[in-house]
Amino acid sequence: RELGEAVAAGEGRLVRRLDDLRDHPIAAHRIRCHGDYHLGQVLWTGKDFVIIDFEGEPARPLGERRIKRSPLRDVAGMIRSFHYAAYTALAREMEDRLNRDNPSYLEPWVLLWYAWVSASFLKSYLAAARPAGFLPATDGQTRLLLETLMLDKALYELRYELNNRPGWVRIPMQGLLQLLENPE
């Protein structure tokens with residue numbers, strides 16, 4: 001309940017963040033993307049990684065899945081997936097402890113892992129993709145678009161969890177709050 005109230009209290013910050021995108025047009029190309037890119041779509045073969053299921057988000061109509069979008073939408077999906085992985089691991093660790101311990105002492109380590117993995121992924125992605133010319137022209141535009149797409153993804157996750165897995169709703173709520181804490 002506390003977490004839900006904190007998310008609801010952040011509505012004004014969320015609207016301001018979305019207004020930033022409206023007020024600062026971004027020059028970038030749109031392409032056909034994976035559409036549902038997350039850790040569950042990446043398999044390790046023992047020698048290489050393979051990305052699967054390019055049909056996009058199954059719950060969306062085919063016409064919507066075929067729309068060209070910023071490839072940063074997939075990047076946002078993967079970064080949010082790292083967040084899910086981190087908090088799922090924390091929840092499992094606390095479950096094994098039978099809730100005897102307070103998770104707050106482990107959470108900084110979870111957040112450190114999440115930040116490090118996300119930054120490493122983003123740095124590598126941008127280094128590989130920037131020469132292709134489809135990303136926004138400036139770092140500021142890239143940051144604004146990625147942050148907006150991450151908020152969009154977290155809102156989608158919140159809706160999904162409320163409708164399908166209420167026990168998981170804590171993860172997207174924490175993600176939304178962390179994204180809204182970033183400087184505007």
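Modeller: The structure holds nine salt bridges. The model is predicted, so every value here is computed from predicted coordinates. Side chains of opposite charge can pair when their charged atoms come close.

E5 counts as partly exposed, because its relative accessibility is 44%. R1 counts as exposed, at 81%.

Next, look at D23 and R22. Their side chains also form a salt bridge, again 3.0 Å from N to O. D23 is partly exposed, with 44% relative accessibility. R22 is exposed, with a relative accessible area of 58%.

Now move to R73 and D152. The closest N and O atoms of this salt bridge are 3.2 Å apart. This pair links distant parts of the chain: R73 belongs to helix α4, D152 to helix α6, and 79 residues separate them. R73 counts as partly exposed, at 27% relative accessibility. D152 is partly exposed too, with a relative accessible area of 35%.

Some bridges share partners. In this way D19, R22 and D23 are joined into one network.

Helices α4 and α6 turn up again inside the protein. The largest nonpolar core has 38 residues. Those with the most contacts inside it are L72, I79, F121, L146 and M150. Among the elements that give two or more residues to this core are α4 (72-96) and α6 (139-164). The others are α1 (2-9), α5 (107-129) and α7 (170-181). α4 gives the most, with eleven residues.

Helix α7 also holds I171. I171 counts as buried because its relative accessibility is 8%, and the cut-off for buried is under 20%. I171 and A85 are 86 residues apart in sequence, yet their C-alpha atoms lie 9.7 Å apart in space.

R32 is found in the loop between α2 (11-23) and β1 (42-44). R32 is exposed, at 51% relative accessible area.

One more loop deserves a glance. D53 lies between β2 (49-51) and α3 (62-65). D53 has a positive phi of about 55 degrees, although it is not a glycine. D53 is partly exposed, with a relative accessible area of 38%.

Terms used: Residues numbered from 1 in each chain as written. Predicted model: local features only at pLDDT ≥ 70, side-chain atom pairs only at ≥ 80, totals over all residues. Heavy atoms only, no water. Helix = DSSP H or I, 4+ residues; strand = E, 2+ residues; numbered from the N terminus. Buried < 20%, exposed > 50% of the residue type's maximum accessible area, 1.4 Å probe, protein only. Core = buried A, V, L, I, M, F, W, Y, C linked by side-chain atoms within 4.5 Å. Salt bridge = Lys/Arg side-chain N within 4 Å of Asp/Glu carboxyl O.
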